[in-house]
Amino acid sequence: RAPFRSRGICHSNRGRGRLASARGAGRERKGDDQKNAGTEETLRRWLLCASRSVPLSSVFSECVEVVVTRVPALHPHPTPSTMSPIDALMIGAGEYTTGCVFTAAGAAPDKPAGVVAITLTDMRRRGKIGTLTLCDAVGTRMPAVRRTMAEKIGKAYKDMDLTMRTFPEDDVEFDANAFRAAIATMKRGSVVTVFTPDDTHHAICMACVEHGLHVLCAKPVVKTLSDHLALAAAAKKNDVLVAVEYHKRFDPIYVDARDRIKQTLGPFSFFSSTMTQPKAQLDTFAQWAGKSSDISYYLNAHHMDVHSWSVRGESRPRRVTAFAAFGAANERLQPKDGRKIEDTITLVVEWANKNGSNGIANYTASWIAPKSDCHTQQYFHYAGHGGEIRADQGRRGYTMATDAAGFTQLNPLYMKYVPSPDGCFAGQQGYGYRSIEEFCDAAVAVNDRTSSVQEISDKDVLATIDATARVTAMLEAGRVSLDNHGKGVLIQYPESTGDLDADFLCEPVGIALE
């Protein structure tokens with residue numbers, strides 16, 4: 001007697017059903033007559049049951065099928081995977097992987113429990129991941145890392161198995177090559193995530209590729225174009241998937257903007273992006289800020305990829321100049337080694353369009369913003385010959401205020417940490433999660449030979465290593481420009497084939513200071 005709804009059906013709570021539009025159901029979709037007729041017959045018999053004309057048992061199983069396929073659960077959980085579980089190695093045990101940060105401010109509020117470990121652990125709960133291994137350069141931190149994951153993941157959610165092997169041993173103060181020992185334990189075809197300081201990416205990724213592992217690396221995947229091209233060549237030689245973890249490609253707003261740019265707004269004219277984080281983020285990166293990388297590599301990379309992805313095949317960057325502001329970062333960190341840390345970096349990039357016109361872009365990144373209502377202020381403005389589009393990722397009209405935390409902007413579209421009512425992790429639709437899951441699924445497809453690495457690249461969803469060299473070229477050119485007092489840096493491409501379509505799909509091959 002409980003009410004339920006299905007297409008064209010209203011079951012009243014008085015025990016008698018009413019067929020609202022049984023005849024119309026068969027006309028809704030041509031070619032489904034047989035299916036609809038079967039559904040109508042099942043429902044007719046269900047209604048007879050309600051009036052006790054026939055036994056309920058004679059239609060019970062059919063009615064259950066109708067209910068299950070027509071009525072969605074209020075809090076659905078992903079069904080167990082039918083794909084073969086794939087083993088995973090996480091290299092780097094810091095904030096983005098585990099949520100463990102050794103600063104007074106702790107983990108950033110937009111990723112309090114990290115992203116990588118919680119995603120892979122939940123994927124293991126769903127049957128997609130096999131064994132988990134975690135590696136860092138500092139073994140003495142591993143007990144604290146394990147405690148953090150136990151508290152933020154194991155205790156916070158139901159059925160999250162955190163069993164994993166860790167490298168190096170807990171008594172090792174520092175081992176820059178610990179990743180090599182961890183890699184040696186992995187079987188070919190496993191996946192690796194790399195979230196370590198930028199200047200370590202190339203050596204780690206190359207070691208993984210040469211061992212036959214699929215690699216998802218934090219941006220920037222490497223710091224120089226030559227390293228990028230070498231890594232792409234190695235990935236091709238070893239037939240493994242290598243991609244950059246640009247999770248903005250899975251943000252529904254950014255995906256929609258990309259599609260509109262490609263289909264509606266016409267040739268590129270202007271792009272402007274800003275991405276800033278509060279000064280407390282500097283404390284997290286104190287060991288490498290201004291030394292192994294800079295704020296442009298760390299934050300500008302996101303919007304550079306969104307822009308490049310949106311106009312790929314129609315436009316390409318050709319000249320870069322860079323500008324920087326100093327003062328606040330050095331005052332906060334007071335480095336003893338004499339390094340000079342940029343507060344804010346702006347790259348101005350000239351682009352060439354396939355139709356002969358040109359465009360201009362500026363990408364700005366900073367880590368000296370004050371504490372605000374959202375951890376990362378981020379937005380962009382794109383203008384084409386046929387229109388413009390703007391996106392503010394930091395403010396989506398969803399806010400919360402509490403006595404404990406004050407006013408804040410919420411973005412569960414990135415990572416949803418609040419569990420479902422039954423206690424399970426429920427963030428599978430977040431674009432931080434989806435970026436990792438999509439990569440793992442693609443790696444399984446390559447292993448199972450249901451898809452090739454080239455086919456995955458051609459889908460243009462994942463930021464594969466063979467199709468992302470433009471971002472690396474712009475980032476390196478920006479660094480070279482800054483180191484040469486703002487001089488222009490040219491981005492070089494292969495010699496023209498005479499085919500514009502082919503030319504504008506080519507990735508850069510070099511950069512040159514003017």
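Modeller: Tyr254 is buried, with a relative accessible area of 1%. The model is predicted. Tyr254 sits in helix α10, residues 252-263. What does Tyr254 touch, leaving out residues up to four places away in sequence? The list is Lys248, His303, Val306, Phe380, Ala391 and Gln393. Take Ala391 from that list. Ala391 and Tyr254 are 137 residues apart along the chain, yet their C-alpha atoms are separated by 7.6 Å.

The protein has 514 residues, and buried ones make up 50% of them. Its fold counts 17 helices and 20 strands. Among contacts with a separation of 6 or more, 71% join residues 24 or more positions apart.

Helix α12 covers residues 295-311. It packs on α16, residues 469-483, at an angle of about 140°. The two axes are 9 Å apart. The crossing of α12 past α16 is right-handed. On the α12 side, the contact uses Ser296, Tyr297, Ala301, Met304, Asp305 and Ser308. On the α16 side, the residues are Arg470, Val471, Met474, Leu475, Glu476 and Arg479. By class, this α12 to α16 contact holds six nonpolar, two polar and four charged residues.

Now compare another helix pair. Helix α8 packs with α9 at an angle of about 10°. Their axes are 9 Å apart. At that angle, α8 is roughly parallel to α9. The crossing of α8 past α9 is left-handed. From α8 come His202, Cys205, Met206, Val209 and Glu210. From α9 come Asp227, Ala230, Leu231, Ala234, Ala235 and Asn238. Here the class count for α8 with α9 is seven nonpolar, two polar and two charged residues.

How enclosed is α8? Helix α8 spans residues 201-210, and seven of its ten residues are buried, so the rest of the structure largely encloses it. The buried ones are His201, Ile204, Cys205, Met206, Ala207, Cys208 and Val209. They pack against strands β4 (86-91), β7 (191-194), β8 (214-217) and β9 (242-244). They also pack against helices α7 (178-184) and α9 (225-238). Just past the end of α8, Gly212 takes a positive phi of about 85°.

A disulfide is a covalent bond between the sulfur atoms of two cysteines. The cut-off used here is within 2.5 Å for the sulfur pair. By that rule the count is zero disulfides. Cys205 is in none; its nearest cysteine sulfur belongs to Cys217, 3.7 Å away. Is Cys205 buried or exposed? Cys205 is buried, because its relative accessibility is 0%. Cys506 is partly exposed, at a relative accessible area of 24%.

Next, the backbone. Pro168 lies in the loop between β6 (165-167) and α7. Lys219 and Pro220 are also joined by a cis peptide bond, with omega about -10°. Pro220 belongs to the loop between β8 and α9. Both of those elements are among the packing partners of the buried residues of α8.

Positive phi also turns up outside glycine. Asp159 has a phi of about 60°. Its place is the loop between α6 (142-154) and β6. Asp159 is exposed, with a relative accessible area of 53%. For Gln334, phi is near 45°. Gln334 is in the loop between α13 (328-333) and β12 (342-353). It counts as exposed, because its relative accessibility is 52%.

Back to the starting point.

Definitions and conventions:
Residues numbered from 1 in each chain as written. Predicted model: local features only at pLDDT ≥ 70, side-chain atom pairs only at ≥ 80, totals over all residues. Heavy atoms only, no water. Buried < 20%, exposed > 50% of the residue type's maximum accessible area, 1.4 Å probe, protein only. Axes fitted to C-alpha atoms, helices over the stretch in contact; angles between N-to-C directions. Helix = DSSP H or I, 4+ residues; strand = E, 2+ residues; numbered from the N terminus. Left-handed = near helix turned anticlockwise from the far one by under 90°. Contact = heavy atoms within 4.5 Å. Nonpolar A, V, L, I, M, F, W, Y, C, P; charged D, E, K, R; others polar. Parallel < 35°, antiparallel > 145°, perpendicular 65-115°, else oblique.
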